[in-house]
Amino acid sequence: MEIFCSSVNILHEWALAEGIVKTVLLYLKESGLKKPKKVVVSVGELQQIDMDAFTFALNELKKGSIIDKVEFEFQEEKALFKCENCGFEWSFKDVKSSLTEDISEAIHFLPELSHGFITCPKCGNRDFDIIKGRGVKISEIIF
Amino acid sequence: MDPRISLIPERLSNVRRIIPVVSGKGGVGKSLISTMLAVALSDLGYKTALLDLDIYGSTCHTIMGGEKLEFVEDKGVIPPMIHGVKFMSPIIFSQNNIPLPLRGNEITDLILEIFAITIWGETDILVIDMPPGLGEELLDLMKHVKKAEYLVITTPSKLSLRVVERIVDLLETSNKKILGILGNMCKSYDDILKFSQEKNLRYLGCLPFDKDIEGAIGNIEAIKKTTLYKEVREIAKKVG
């Protein structure tokens, strides 16, 4: 086990993967549908997911379930912000280099903390909308 | 499909009771009462946790003197322990006194994220410090945390009681359990007692204004020596 799993602790990506697996299983149970062909998961750039840890967790969590062998496809969704004050739009790439490791880590756990550390590059306002790329979600379940 | 929602019942399954501390108005002392209540419950032997959901005005960590908090990451986030209380707040991730101007859905997103990733473990009572008002924080709690028992705080002021009436109405019409009404900063308790009788709610008491509390903020041992804390401890015995 490398970066994502020490002998004692497993990264919190496990919790996010747990939500994905549980939700898919719940959906299949409640809708009475059979095993899907594929599950498409959107991974928002802002949350800076460790994909190795996330994939490992997903594979562990779906073992022995109806979705054990189902393909999970990941689509990265680039983060996009829009200022409520002046309307300016910017990407995470535009501001990421100005963030320290601690700040990036904080945003990784709670993406909304970005409001405390990122301001509109044009007018300096903190009142912006995270239009895209916030976090992890199920985009599609394909049968 | 939001993958966090399915996690919430499981995350809270080992939490026996959940007590959100609410009011209509701000400035009635919710954060102080929430924090002291959590510490008192822990002192009484309960496995206690405290969640600060007052996103804009989070101060429970300041009250407890916990400005630098370390959490453990293990299949989620294990809250740090401070003064015998497991403590969770957005502040433990940022450790800065930053403003968090959030709109609508972003408040919900933050709350769902906290509930999805926090590993509470075996907990007798989770106290939640709630912000004033009837916004997303309260609505999301009502929607996703079915076993919550709401502790309503008010001062004797007509202004506070007027707004508390609205929150009581909201909780009752939504069939939510109200643990009781607790007054704070009281010189007289008649109006609060009368209000609780009119609404057929449990009257838990009326905490006095304590001039020593401000100076004790940030030092739990000093807080424990105040009259206010001793009274809150009696309340903890009633609600625990």
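Chain A has five helices and six strands, and this count, like everything that follows, comes from a predicted model.

**Where the two chains meet**

How many residues does each chain bring to the contact? Chain A contributes 35 residues and chain B contributes 32 residues. The size of an interface is often given as the accessible area lost when the parts come together. Between chain B and chain A the buried area is about 2,900 Å², and carbon and sulfur atoms give 63% of this area. On the side of chain B, the residues that lose the most area to chain A are B:M1, B:E73 and B:K75, which together account for 24% of what that side buries.

A salt bridge joins B:R11 to A:E18, with the closest N and O atoms 3.0 Å apart. Across the interface of chain B and chain A, 10 residue pairs are found in polar contact, with both residues of each pair at pLDDT 80 or more. The elements of chain B that give two or more residues to the side touching chain A are helix 1 (8-11), strand 3, helix 4 and helix 5, and helix 5 of chain B gives the most, with seven residues. By class, the residues on this side of chain B divide into 17 nonpolar, four polar and 11 charged.

**Salt bridges in the whole structure**

Over all chains, the structure holds 21 salt bridges. In one of them the side chains of B:R4 and B:E113 meet, at 2.8 Å from N to O. B:R4 lies in the segment before helix 1 of chain B, while B:E113 lies in helix 5 of chain B, so this pair ties together parts that are 109 residues apart in sequence.

| Pocket | Volume | Lining residues by class |
|---|---|---|
| Largest pocket | about 510 Å³ | 10 nonpolar, seven polar, 12 charged |
| Second largest pocket | about 380 Å³ | nine nonpolar, three polar, six charged |

Which residues lie closest to the centre of the largest pocket? Of the 29 residues that line the largest pocket, the closest to its centre are A:R134, A:G135 and A:K137 from chain A, together with B:R4 and B:D109 from chain B. The elements that give two or more residues to this lining are helix 1 (13-31), strand 5 (128-132) and strand 6 (136-142) of chain A, together with helix 5 (104-117) of chain B. Helix 5 of chain B gives the most to the lining of the largest pocket, with seven residues.

The second largest pocket is lined by 18 residues, and those nearest its centre are A:D102 from chain A and B:F71, B:I92, B:F93 and B:Q95 from chain B. At least two residues of this lining are supplied by each of helix 4 (101-109) of chain A, strand 3 (72-73) of chain B and helix 4 (91-94) of chain B. Helix 4 of chain A gives the most to the lining of the second largest pocket, with six residues.

How values were computed:
Residues are numbered from 1 along each chain as its sequence is written. Chains are lettered from A and ligands numbered from 1 in the order in which they are written. This is a predicted model: local features need pLDDT of at least 70, side-chain atom pairs count only at pLDDT 80 or more; totals for chains, interfaces and linings use all residues. Side-chain values use heavy atoms; hydrogens and water are left out. On a 1 Å grid over the protein atoms alone, a cavity is a set of points where a 1.4 Å probe fits but cannot get out, and a pocket is an open set with protein on both sides within 12 Å along at least five of seven lines; lining residues have an atom within 4 Å of a point. Grid points are joined across faces, edges and corners, and a volume is the space filled by probe spheres set on the points. Helices (H or I, at least four residues) and strands (E, at least two) are DSSP runs, numbered from the N terminus. Ala, Val, Leu, Ile, Met, Phe, Trp, Tyr, Cys and Pro count as nonpolar, Asp, Glu, Lys and Arg as charged, and the others, Gly among them, as polar. Contact means heavy atoms within 4.5 Å. Buried area is the accessible area (1.4 Å probe) that two parts lose on being put together, summed over both. A salt bridge is a side-chain nitrogen of Lys or Arg within 4 Å of a carboxyl oxygen of Asp or Glu. A polar contact is a pair of N or O atoms within 3.5 Å; within protein, one must be able to donate a hydrogen and the other to accept it, and residues adjacent in sequence count only if both atoms are side-chain atoms.
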